[in-house]
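User: Could you walk me through this protein, one question at a time?

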Amino acid sequence: MITQTEYRQRREQLMANIKQGTAIFRSAPMAVMHNDVEYNFRQDSDFFYLTGFNEANAVAVFAPHHEEHKFVLFVQPQDPVKETWSGYITGVEKAKELYGADEVYPINELDEKLPQYLQKADRIYYRLGRDEKFNEKILKHWQRLLRVYPKHGTGPIAIEDVCNILHPIRLIKSETELELMRKAIEISVKAHNHAREFAQPGRYEYEIQAEIEHIFGLNGGTVAYPSIVASGKNACILHYVENNCQIQNNDLLLIDAGCCCQYYNGDITRTFPVGGKFTPEQKIIYQLVLKAQLAAIEQVKPGNPYKNIHDTAVRVLVEGLMDLELLVGDIEEIIKEEKYKPFYMHRTGHWLGLDVHDVGVYQWGENPQPLQPGNILTVEPGIYISPNIKLVEGQPEIPECWHGIGVRIEDDVLVTSGGYEVLSAGVPKSVEAMER
């Protein structure tokens, strides 16, 4: 569990970077309602990262230049009637006691109180998000202060996206964050291994999904994202979530599922033959994807450009597809013009953390992001030969024996001071382990 000491350290790091500015963060909106049914609330990750406060309709303000109140919360006041229906509310007094704020106000006092934390700031740090009404509120406050700037010579003369400061901080995981991610990944590993033993011809994809998510719940976790359990040609659909088909004997089964613990996520994919043995074509594609993944993981080391991971996987996959005569031509041209994309249309991974597709830049213009110790990322190459594959002009027709083969192998990898650690290594992936 993240301690209040760590939350405070995060806030101090943010405020050291914004200097004379004021940063504003909005919580996630209220839980989604649909036909009078309230669905689970999920806090905004940036807001949670800095506060640990897990309620809707709240605002956090950071004003390092303010003499008394450097961290201010605006929260819902307690309301016995509302709490009877929707659960307990922390309220103003307890929020100050529990979350370390210098001052806490009811959320309905935001417009009245906010100007005192803006009037001596040199800029406002705020991300213009999806909440258009709140965006307008912040812009109106800024416009009012701009109008009186000539009289006082103080106030924010610019508004800047706070994520350019916060997200590089979030990219480096603390030891406590790493513990939570290890837990989420450990539960994910347990679920994947159980699913592989449970899966067999005749079962339905949703049965496998239920077993996976049952393991998550039994171990105190939740679903990190909609589980993908894709058999046969369904594995060629990247975000397949129907999970309603009956699994056939010669099918490959692609499972992409991860557990979430206290908002920290695992994300693992394995593909295996449900009947116990690969067909010759399935084995060739599986071996190629595994080769690409192992080569890409070797690129995970401090200082290496993030893009090396994808570039390495693409080259291995293209070479293999050319050996199989599924791609033809000059390899450099195929890679440069991305003629491989009918088979491999996504990137080789993403940052992983509080969000499954976690925050952080991958490329700074022409300069790729270098890997740093404490980064966690996925490495997940794949090949997808859809029966409806749309070929690039000049490329050969795909023989029917390859149709419907979809393979992805994904692991969660920590960048260490000396290289990498595969956090999800507890799920086997060798050809021998996948067969039975």
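User: In what order do the three strands of the open sheet stand, and is the pairing parallel or antiparallel?

Analyst: This is a predicted model, in which local features need pLDDT of at least 70, side-chain atom pairs count only at pLDDT 80 or more, and totals for chains, interfaces and linings use all residues. Residues are numbered from 1 along each chain as its sequence is written, and side-chain values use heavy atoms, with hydrogens and water left out. Strands are DSSP runs of E with at least two residues, numbered from the N terminus, and two of them pair if DSSP finds at least two bridges between them. The pairing here is antiparallel, and the order is β9-β12-β13.

User: Which strands stand at the edges of the sheet, and why is one side of each left without a neighbour?

Analyst: Strands of a sheet pair through backbone hydrogen bonds, either parallel or antiparallel. Each edge strand has a single partner strand, so one side of it has no neighbour in the sheet; these strands are β9 (222-223) and β13 (264-265).

User: Which residue of β13 is the bridge partner of C260?

Analyst: Strand β12 covers residues 259-261 and is joined to β13 by two bridges, the two strands running antiparallel. Within β13, the bridge partner of C260 is N265.

User: What percentage of the residues in the protein is buried?

Analyst: Buried means under 20% relative accessible area, computed with a 1.4 Å probe and protein chains only. Of the 436 residues in the protein, the buried share is 52%.

User: How many helices and strands does the protein have?

Analyst: Helices are DSSP runs of H or I with at least four residues. By that assignment, the protein has 14 helices and 21 strands.

Terms used
Buried means under 20% relative accessible area, exposed over 50%, partly exposed in between (1.4 Å probe, protein chains only).
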